[in-house]
Every structure is written in C-alpha cells, then in structure tokens.
Amino acid sequence: MPNETANSWESRAAASSFYGFTDLPTVAERGTVVVSGGHGPYVTDVHGRDYLDANSGLWNMVAGFDHPGLTRAAQEQYERLPGYHAFFGRMSDRTVELSEKLIEVSPYESGRVFYTNSGSEANDTLVKMLWFLNAQEGRPERRKILTRINGYHGVTVASASMTGKPYNSVFGLPLPGFVHLSCPHYWREGRPGESEADYVARLAQELEEVIAREGAETIAAFVAEPVMGAGGCIVPPEGYFDAILPILRAHDIAVVSDEVICGFGRTGARWGCEGYGFTPDAIISSKNLTAGYFPMGAVILGPEMADRLHRASEAIEEFPHGFTASGHPVGCAVALKAIEVILDGADGEPPLIDNVRHLIPAFEAGLARLAEHPHIGEWRGRGLMGALEAVADKAEKRPFPGHLSVSERIANACTDAGLICRPLGQSVVLCPPFIMTDAQMQEMFDKLEGALDRVFSDVA
Ligand SMILES: *Cc1c(COP(=O)(O)O)cnc(C)c1O
C-alpha cells in the first residue's frame, strides 16, 4: 500500500469506514484514495495528487468540483433559510420555484414534482405512488414492476428489486412482483446472423410473452433508463423503444424513464427519452439534478399521473409518504442553479449542454480509435457516456477469464496515471464532466490508452 502508515488517511479510512460497492481485497492491497479537494474536472487527494475524474464522481459532478455559481447558490440559501420540510401544507419558496422550473424543462405542459434525497428513494417513491393510486382506483392487483437485466435503479429494497443485477441475490432480492426483462445489448445478446431489427423484434416478442404470462392487469409500470448507466453504458438497439412502447401502451402499463444519469444533457439531448423520441408518464431524476452539489432526487409526474395521484390522495385526504428533507431549500437552490448552468447558461457562460454537444464527436472518435485495439471488442456510448469492452478474443467476443480482473486492472493502471475511470464487468466506463476542455479530453484518452497497453501486454 503506497502511502500507508499507522496514522495515514488510508489506514484511518480502512479502520473506521465501511465501503459500499468496493472490492475489499483491492483496497487492502492498494489503499483508499482519500480525496480532499478538487478543481475543474480534477479531484485532489490528501497527498496533493490530481486525478482527472473521467466519471464525474459517480456520474453526477457534471459541472466539476469548484463551480463558483453552485457553491454561491448554496451559501446564499444557507444564509436565507438553511433547511425546511415539505409536510403538513408547508414548503419553502425555493421548492415551489424548482417544481415550476422542472416542469418547464420537462417534456410536460403541466405536472407535479415530488422530492427525495436520492435516486433510489425517487424510484421507491414512484413504486409507492403506483401501488397507492392503482389501489385507490380499484385495481389493487396492478402492482408488478417491469425493468431490465443490468438496469440500475438504486439500492433501497424496492429500487434494488428493480435493479437487474445478480449481486442483489445476496439480499434475497428481488422482492416478488419485480420482473426483469432481457438486457437490450445487441453486440452481446444478438444471435449469430441475427440482424439488429430481428433482435429488436425478439425483444418485443419477449415483452408480449412476459405480459401474457404475468397478466397485464397485474403490471403497474415499465421503468427503464434510456441508456443503461451502471449496467455498462448499454445503448439500446436501433428502434428498441419504438418497438416496445406501443406494446406497453396497449396494455395500459405506465412507462417511466429513469433519467438519473441521462437527464440534463448527458446524452446530448435535454432528456434521454427526448433523444429517443418518447414521452414517458413520469421521469425519475437525481445525480445531475444538483450537479452532485447536494443529495436530491425527484419524481416528475406528467399531467395524467399527476392528476390521478392528486385525486387518489384527495380521496383519503393525503399521500402518506415523504422524507424529512424532501424539497430541502438548499438542495432546491442548488438545483435551480445547476439547471440554469447546464441548460440556459449562467453568469455570462454558455450552457454546459452546448459543450457536451461540442465534445461528443471527439469523445466518440476517441472511443472508436481505442476500439481498434485487438483486445477491445466493442465501444459503445451515447452523448458523453461510453464504454470500452475488453475481450480475450475479438472475433469470438470471448471475455477474459474473470480471475484476471482485466477491467479492474485497467482502472487501477489509470488511477496510477492520474485518471479515474470505472471498471464495470469486463468494460471500462467513461462519463466525463460537461465542463471538460478539448485538452482534458485528450489527456483522458492518452492516459487510458497507456493503461490499456500496459494491462493487455500483461494479461494477453
Ligand atoms: C445512481 C442511480 C440511481 C440511484 O440513485 P442514488 O442516488 O444512488 O440512490 C437510480 N437510477 C439510476 C439510473 C442511477 O444511475
């Protein structure tokens, strides 16, 4: 362990903190990266070392680590009203403003917003909303939730049940009533000789079969990320949403877009669903919502679901759900600023979404160039989220044996070179901050290329 002494930050972290989603043997071997500052897209560790964070923290720090407008918005709100709730007919003025702003930038003419502290809680809230309103409307059996394998929707009990990852079996999840459809990944899941269109038709057929098997009258909603993030930046095949949405609509199954990563410009469009040409019944937002400067999530209901939920709540006089910090005024002030910074441009700066669109061609070209490597099977991505998938054999798409931990080695080699990127299965995921410059993007690809060369010469 490089910097470990009895009293080092690394050993203090290891002795006192519990790590989530962390490979403990790797930490035991390499030590914890303890971060104490940041500037632009870089974080700085306690030894003063800079790392270009090609994952925007956890997909969320899209405006970098020292955005003056966002910190000022938080500070001003702390001085005005440092906290309040949204229960019992009270809420802060900032909460009202943020709801109006979210509806304005949403695909909806009207709607309502419910606030949480995280994306997981937003998905849990959505599930409770659906259970509640279907029960109030006399359809109490309409409770099942459809998601996809590799879809990521969070870690609370309901949202982990929505998440289609095998690791949740250690918790005895998913709960009954959470049904996982196939992962729409043509490169990996398409059969030999199967066209992309035939693959999409097969996925649509599967959906029909699942609905018939489960009973349409028992299914409340289909929840999907437009592009899967934590599943490995899985971009759906051409025509996927066009093929499956009419089936869902025909069976009166609500369609919900989990935009926790894709929302606010990540894919180049304002919302991921907008880029794929569909309007869901509700949107789940978090992460980019505050550019990572405050923990916050939101369920944005389109007009129809908003009206239904409102009526159902009136019938029993309330919607019995909410978090102490729902609609926190500081979070709302930060989110208002983040939306302005990303979508409108603030303080004389152009909107960050313009820079996203400017960077996309270089990002795609950089991924495509690295994918020429004999041990990269596929590059995929949309907007500023992308992945490179390592393979032992490119023609056969054969993965490296799991015990070689190839993607972890690549990520570790990147960390050693001052670049943070994320191993996910056999792939390495990049999700750069929206503020990246052309030169920083070049630095990212140069460092990644060096790491790939080093690791593949060791394992191949
Ligand atoms: C991160 C994520 C969540 C969960 O958000 P948390 O704030 O970590 O609870 C839900 N959905 C998607 C698509 C995510 O990427």
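**Ligand shell and nonpolar core in a predicted model**

User: How do the residues of the shell around the ligand divide into nonpolar, polar and charged?

Analyst: The model is a predicted one. The ligand is surrounded by residues that include S118, G119, S120, Y152, E225, D258 and K287. Sorted by class, the shell divides into three nonpolar, six polar and three charged residues.

User: Which helix gives the most to the shell around the ligand?

Analyst: Among the residues surrounding the ligand are G119, S120 and N123. The helix that gives the most spans residues 119–136 and supplies three residues to the shell. That element is helix α6.

User: How far is an oxygen atom of the ligand from an N or O atom in the side chain of K287?

Analyst: A polar contact is a pair of N or O atoms within 3.5 Å. The side chain of S120 has an N or O atom 2.5 Å from a ligand oxygen, and a backbone N or O atom of Y152 is 3.3 Å from a ligand nitrogen. For the side chain of K287, the distance to a ligand oxygen is 2.6 Å.

User: What share of the ligand's accessible area does the protein cover?

Analyst: On its own, the ligand has 380 Å² of accessible area.

User: Which residues touch the most other members of the largest nonpolar core?

Analyst: The largest nonpolar core has 104 residues. Its largest share, ten residues, comes from helix α13, which spans residues 329–344. The members that touch the most others are L102, I410, M444 and L448.

User: Why does this core lie between domain 1 and domain 2?

Analyst: Domain 1 covers 33–66 + 351–459, and domain 2 covers 70–344. The core lies between them because residues come to it from both domain 1 and domain 2.

User: Is S313 buried or exposed?

Analyst: S313 belongs to helix α12, residues 303–316. Buried means under 20% relative accessible area. S313 has a relative accessible area of 11%, so S313 is buried.

User: How far apart in space are G386 and G229, C-alpha to C-alpha?

Analyst: G386 sits in strand β12, which runs over residues 385–390. With 0% relative accessibility, G386 counts as buried. In sequence, 157 residues separate G386 from G229, and their C-alpha to C-alpha distance in space is 9.0 Å.

Technical notes
Residues numbered from 1 in each chain as written. Predicted model: local features only at pLDDT ≥ 70, side-chain atom pairs only at ≥ 80, totals over all residues. Heavy atoms only, no water. Near = heavy atom within 4 Å. Polar contact = N/O pair within 3.5 Å; in protein donor to acceptor, adjacent residues only side chain to side chain. Areas by Shrake-Rupley, 256 points an atom, 1.4 Å probe, with all protein chains shown as cover. Helix = DSSP H or I, 4+ residues; strand = E, 2+ residues; numbered from the N terminus. Nonpolar A, V, L, I, M, F, W, Y, C, P; charged D, E, K, R; others polar. Core = buried A, V, L, I, M, F, W, Y, C linked by side-chain atoms within 4.5 Å. Buried < 20%, exposed > 50% of the residue type's maximum accessible area, 1.4 Å probe, protein only. Domains from an automatic or database assignment.
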